[in-house]
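Let's take a friendly walk through a protein fold. Please have a look at the picture before reading on.

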Amino acid sequence: MPDPVHKEDTPLSAPVERILTDEAAEKLEEGTALCLSGGGYRAMLFHIGSLLRLNEMGLLEKLDRISSVSGGSITAGVLGLNWNRLRFQNGVAQAFDSAVVAPVRALASRTIDTSSIVGGALLPGSIADKVAGSYRKHLFGDATLQALPDRPRFVINATNVQSKALWRFSKPYMRDWRVGEVKEPKIGLATAVAASSAFPPFLSPLELDLDEKDYTPGSGYDLQRPPFTTQVVLTDGGVYDNLGLETAWKRYRTVLVSDGGGMYDAEPDPKRDWPHHIYRVFNLVDNQVRSLRKRQVMSSFICGERKGAYWSVWTDIAEYEAAGALPCPAGKTMELAATPTRLKAMPPELQERIINWGYAVCDAAMRTRGGVQDAPPPKFPYAIGIG
């Protein structure tokens with residue numbers, strides 16, 4: 001059998017790797033995809049700011065796909081569930097604040113990681129199940145993937161620990177290219193988002209108990225058999241693809257990337273005990289993979305392989321040289337970028353500063369790199385500015 005994880009038409013500069021089940025690289029669609037990275041509540045709120053500005057530009061309604069991982073999947077899940085409530089007029093959603101911003105900010109006012117860890121350790125059910133329960137209670141109720149709109153296509157990504165591949169949750173199907181496809185899945189939206197944001201090692205893994213009969217016959221490449229099909233073990237989507245690129249980059253010509261992910265500073269005296277050491281090494285690996293994907297994305301934009309724009313919580317806005325950019329001193333934005341990757345309650349002022357930062361840097365990136373001929377915004381969404 002040929003190598004299942006390599007295809008010869010993969011460009012060396014590509015941030016994702018083509019596989020044997022992918023269509024040829026030249027069959028890209030002239031649509032636009034938005035990728036929302038992981039990064040806990042920090043990323044969740046940063047993406048809210050980005051979406052606010054994209055909506056003002058009239059681009060939110062034009063998106064064909066929204067691909068998300070981890071913290072970005074919380075924002076994407078809320079947006080998808082409430083898409084039909086947005087009331088688009090002249091291309092701009094009139095109810096974005098009430099339908100999306102308000103529930104996300106309400107969640108950001110609650111700590112759910114610590115209580116989930118304690119509950120998972122002391123009570124029946126896993127830690128990931130407790131996280132899913134919190135999402136269900138505060139955001140999604142009993143909604144399933146079938147509550148998502150047909151367009152844009154929302155793809156919530158997790159990592160399959162068994163197959164080493166991406167597990168995609170969407171309305172038409174959920175699938176792992178090696179394990180197979182389940183059409184029209186009735187999985188809870190809260191469960192899908194919890195799988196995508198099951199940060200290792202503390203909130204991971206999330207297990208799905210599935211029926212082998214639910215799979216489309218012959219849809220898996222080489223692992224369509226129990227226990228791969230029946231006891232699916234998932235972890236954070238960022239483990240496989242920390243920018244949410246995979247399901248967007250292979251299909252669309254234009255890709256926008258909002259990166260709210262973390263970066264890790266040098267440590268002069270790192271802890272030597274094995275739990276802290278393993279956690280530090282995991283973060284270093286994540287940081288290196290994210291940096292590599294970012295460089296390849298930027299290279300693809302520069303050489304013309306793709307159109308689009310990239311912006312990050314760690315970006316110095318001055319690099320864009322955007323006329324009329326909102327005031328975002330690098331020292332202040334670096335403080336926001338260093339907000340811990342947690343599902344921990346944030347004070348309202350910090351929430352507003354992070355949303356403002358996502359809004360401002362998205363604006364600068366889209367007006368200088370994304371081809372948008374739009375006037376600069378006169379002010380931040382919140383009067384507090386960057387702080």
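## The whole protein

How many helices and strands are there in the protein? The protein has ten helices and twelve strands. Keep in mind that you are looking at a predicted model.

Of its 387 residues, 56% count as buried. Among the contacts with a separation of 6 or more, 74% are between residues 24 or more positions apart.

## Two helices side by side

Two packed helices are described by the angle between their axes and the distance between the axes. The crossing of H1 past H3 is left-handed.

Which residues make the contact? From H1 come Tyr 41, Met 44, Leu 45, Ile 48, Leu 51, Leu 52 and Asn 55. H3 contributes Phe 96, Asp 97, Val 100, Val 101, Val 104, Arg 105, Leu 107 and Ala 108. Sorted by class, twelve residues in this contact of H1 with H3 are nonpolar, one is polar and two are charged.

## One face of H9

Now find helix H9 (residues 330-337), whose buried residues are Thr 333, Leu 336 and Ala 337. If you look down the axis of H9, these buried residues fall within an arc of 100°, so they line one face of the helix.

What do the buried residues of H9 pack against? Their partners are H1 and helix H10 (348-368).

How values were computed
Residues numbered from 1 in each chain as written. Predicted model: local features only at pLDDT ≥ 70, side-chain atom pairs only at ≥ 80, totals over all residues. Heavy atoms only, no water. Left-handed = near helix turned anticlockwise from the far one by under 90°. Helix = DSSP H or I, 4+ residues; strand = E, 2+ residues; numbered from the N terminus. Contact = heavy atoms within 4.5 Å. Nonpolar A, V, L, I, M, F, W, Y, C, P; charged D, E, K, R; others polar. Buried < 20%, exposed > 50% of the residue type's maximum accessible area, 1.4 Å probe, protein only. Arc of directions from axis to C-beta.
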